[in-house]
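Have the viewer open as you read.

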Amino acid sequence: MRTISTSVMIQAPPQTIWDLLTDAPAYASWNSTVTKVDGAIAPGARITVHATISPERAFPVRVAELVPGARMVWRGGLPLGFLFRGVRTFTLAPRGDGSVEFTMTEVFSGLFAGLIGRSMPDLQPAFDEFAACLKRRAEA
C-alpha cells in the first residue's frame, strides 16, 4: 500500500473551497495539475481526470462519497478493484479562526499496487501544487 497526502490552511469560507472542488469544467482554470475534468462531480458519477503529470492518459474515477462542504472521495483503478485501486479523499476542516484545513490523500492498494507503484511518477509535487493552486484561487 502507498499513500500520498498534502494539506494546506486556506483563509476562505468552506463553501468557496467546496465550490472550486466540485466544479469539474472549471478545474483547468485554477489548477495547473489538471488539463480538464470530464463529467459532473455528483454522488455516484463517473468522471475522467486529465492530469499534466501524465498527459497521454486519462484517469476514470467514480465519485464514491460526497458530503457537501466537508468530504469527497474518488475511487479508480483496474476493473477488478482488488488488483489495483486508488482512493482519493478530499477533506475540509473549518477552524475557529475562519480558516479551513484542506487535506487531499490518495491510497493505492491491491495485489498489483507494488508493481504499478514502481512505474508511477512521484505524485507528491503534483499533490502539493494542487493544494497551492486551490489555496491561491480560494483566497483571491
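Let's start with a side-chain pair: Thr 6 and Asp 128 are joined by a polar contact of 2.8 Å. Keep in mind that this is a predicted model. Thr 6 sits in strand S1, residues 2–10. With a relative accessible area of 7%, Thr 6 falls under the 20% cut-off, so it counts as buried. Setting aside neighbours within four places in sequence, Thr 6 is in contact with Phe 102, Thr 103, Met 104, Gln 124, Phe 127, Asp 128 and Ala 131.

Two other polar contacts between side chains are worth a click. Ser 99 pairs with Asp 97 at 2.5 Å, and Asn 31 pairs with Thr 33, also at 2.5 Å. Here are the three together:

| Side chain | Partner side chain | Polar contact |
|---|---|---|
| Thr 6 | Asp 128 | 2.8 Å |
| Ser 99 | Asp 97 | 2.5 Å |
| Asn 31 | Thr 33 | 2.5 Å |

Where does Ser 99 lie? You'll find Ser 99 in the loop between strand S6 (85–94) and strand S7 (100–109). Ser 99 counts as buried because its relative accessibility is 1%. Beyond its neighbours within four places in sequence, Ser 99 is in contact with Met 9, Ile 10, Gln 11, Ala 93 and Pro 94.

Asn 31 is in a loop as well, between H2 and strand S2 (34–38). Its relative accessibility is 1%, so Asn 31 counts as buried. Leaving out neighbours within four places in sequence, Asn 31 is in contact with Phe 130 and Cys 133. Between the C-alpha atoms of Asn 31 and Thr 89, which are 58 residues apart along the chain, the separation is 17 Å.

Now for a pair of exposed residues. Pro 25 is in the loop between helix H1 (14–21) and helix H2 (27–30), and at 72% relative accessibility Pro 25 counts as exposed. Arg 136 belongs to helix H4 and counts as exposed at 52% relative accessibility. Arg 136 and Ser 99 are 37 residues apart in sequence, and their C-alpha atoms are 13 Å apart.

On to the core. The largest nonpolar core has 36 residues, and those with the most contacts inside it are Ile 17, Leu 21, Tyr 27, Met 72, Trp 74 and Phe 102. Helix H4 (residues 124–139) gives the largest share of this core, six residues. Take Phe 102 as a way in: not counting residues up to four places away in sequence, the residues it touches include Thr 6, Ile 10, Leu 21, Phe 90, Phe 130 and Leu 134.

What about open space? The largest pocket holds about 770 Å³. It is lined by 31 residues, with Arg 57, Phe 59, Arg 88, Glu 106 and Phe 108 closest to its centre. Elements that give two or more residues to this lining are strand S3 (46–51), strand S4 (59–67), strand S5 (71–77), S6, S7, helix H3 (113–119) and H4. S5 provides the largest share, four residues. By residue type, the lining splits into 20 nonpolar, seven polar and four charged.

Note on methods:
Residues are numbered from 1 along each chain as its sequence is written. This is a predicted model: local features need pLDDT of at least 70, side-chain atom pairs count only at pLDDT 80 or more; totals for chains, interfaces and linings use all residues. Side-chain values use heavy atoms; hydrogens and water are left out. Buried means under 20% relative accessible area, exposed over 50%, partly exposed in between (1.4 Å probe, protein chains only). A polar contact is a pair of N or O atoms within 3.5 Å; within protein, one must be able to donate a hydrogen and the other to accept it, and residues adjacent in sequence count only if both atoms are side-chain atoms. Contact means heavy atoms within 4.5 Å. A nonpolar core is a set of buried Ala, Val, Leu, Ile, Met, Phe, Trp, Tyr and Cys residues joined through side-chain atoms within 4.5 Å. On a 1 Å grid over the protein atoms alone, a cavity is a set of points where a 1.4 Å probe fits but cannot get out, and a pocket is an open set with protein on both sides within 12 Å along at least five of seven lines; lining residues have an atom within 4 Å of a point. Grid points are joined across faces, edges and corners, and a volume is the space filled by probe spheres set on the points. Ala, Val, Leu, Ile, Met, Phe, Trp, Tyr, Cys and Pro count as nonpolar, Asp, Glu, Lys and Arg as charged, and the others, Gly among them, as polar.
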